Amino acid sequence: MTFRVILRKDVIYKNNTSPLCLLFFHDNRKKSVGLGVSVVRSCWDAQAQKVTDDCPDRDDIQFQITAKIKEYEKKIKKLEALEIPVTFEALFETIDKRMDCTVGYYFRQIIDRLEKVEKYGSASKHKVTLALMSQFRSVNMRFDELDLTCLREFEIFLSQKGNVNNSCNYAAFQY
């Protein structure tokens, strides 16, 4: 999925400004999302997808554009991390509901998927990691709460149990 910032030339407000939008492209389809910002046509550089230097509110407008771009980039990365295909439906519909899955739920999904394709060895590694994770901390925590600090503490927990440094199934936590 790709996107770019565009100025909607087909819409002109009374104050002679036009709205800026993010235009997303995926599988020969496109979808636009308004940024809530409008500028005078002469203040927009379509090639650079930025507000020109002579625009009166340049810094404020550019900050709003950048913030919205980063928000969508973060959503796309989260979908990729959860191995959810990045589609318009996944990106724009109930994204918060999808991001609210727990660590245990995520592991069970992966285990089921691996067993369906008869990758029992990988499924068993995930089962062991899930069992150890449930001994360490509740697996009912949201997946997006799992951070580097938690993983480091989990590795310390495993080493205290006598496991070697690489005992954590990093493949399951690669994102």
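**Sheet and helices**

Analyst: Helix α1 lies across β1, β2 and β3, and runs at about 155 degrees to β3. The model is predicted.

User: In what order do the strands of the open sheet stand?

Analyst: The sheet is open and has 3 strands, with antiparallel pairing. Its edge strands are β1 and β3, each pairing on one side only. From one strand to the next, the twist averages 20 degrees. The order is β1-β2-β3.

User: Over how many bridges do β2 and β3 pair?

Analyst: Strand β3 covers residues 29-40 and pairs with β2 in the antiparallel sense. One of the bridges joins Leu23 to Ser32 in β3. Cys21 stands opposite Gly34 in β3. The number of bridges between β2 and β3 is 9.

User: Which residue in the turn of the β2 and β3 hairpin has a positive phi?

Analyst: The hairpin leaves 2 residues between β2 and β3. A phi of about 50 degrees is found in that turn. The residue is Asp27.

User: What is the bridge partner of Leu7 in β2?

Analyst: Strand β1 spans residues 2-7 and pairs with β2 over 6 bridges, in the antiparallel sense. In β2, the partner of Leu7 is Leu20.

User: Why is β2 counted as largely enclosed by the rest of the structure?

Analyst: Buried means under 20% relative accessible area. Strand β2 runs over residues 17-26. It is largely enclosed because the buried residues number 9 of the 10.

User: What arc do the buried residues of α4 cover around the axis?

Analyst: The buried residues of α4 are Val103, Gly104, Tyr106, Phe107, Ile110, Ile111 and Leu114. They lie on the same side of α4, because their arc around the axis is only 160 degrees.

User: Which helices do those buried residues of α4 pack against?

Analyst: Helix α4 covers residues 103-116, and its 14 residues reach 20 Å from first C-alpha to last. That is close to the 20 Å expected at 1.5 Å a residue. Just after α4, Glu118 takes a positive phi of about 60 degrees. The buried residues of α4 pack against α1 and α5.

User: How does Lys78 count by relative accessibility: buried, partly exposed or exposed?

Analyst: Lys78 sits in helix α1, residues 58-81. Buried would need under 20%, exposed over 50%. The relative accessibility of Lys78 is 28%, so Lys78 counts as partly exposed.

User: How far apart in space are Lys78 and Asp144, C-alpha to C-alpha?

Analyst: In sequence, Lys78 and Asp144 are 66 residues apart. In space, their C-alpha to C-alpha distance is 8.4 Å.

Key:
Residues are numbered from 1 along each chain as its sequence is written. This is a predicted model: local features need pLDDT of at least 70, side-chain atom pairs count only at pLDDT 80 or more; totals for chains, interfaces and linings use all residues. Side-chain values use heavy atoms; hydrogens and water are left out. Helices (H or I, at least four residues) and strands (E, at least two) are DSSP runs, numbered from the N terminus. Buried means under 20% relative accessible area, exposed over 50%, partly exposed in between (1.4 Å probe, protein chains only). Two strands pair if DSSP finds at least two bridges between them. The expected span of a helix is 1.5 Å times one less than its number of residues. The arc is that of the directions from the helix axis to the C-beta atoms. Contact means heavy atoms within 4.5 Å. Axes are lines fitted to C-alpha atoms, for helices over the stretch in contact, and angles run from 0 to 180 degrees between N-to-C directions.
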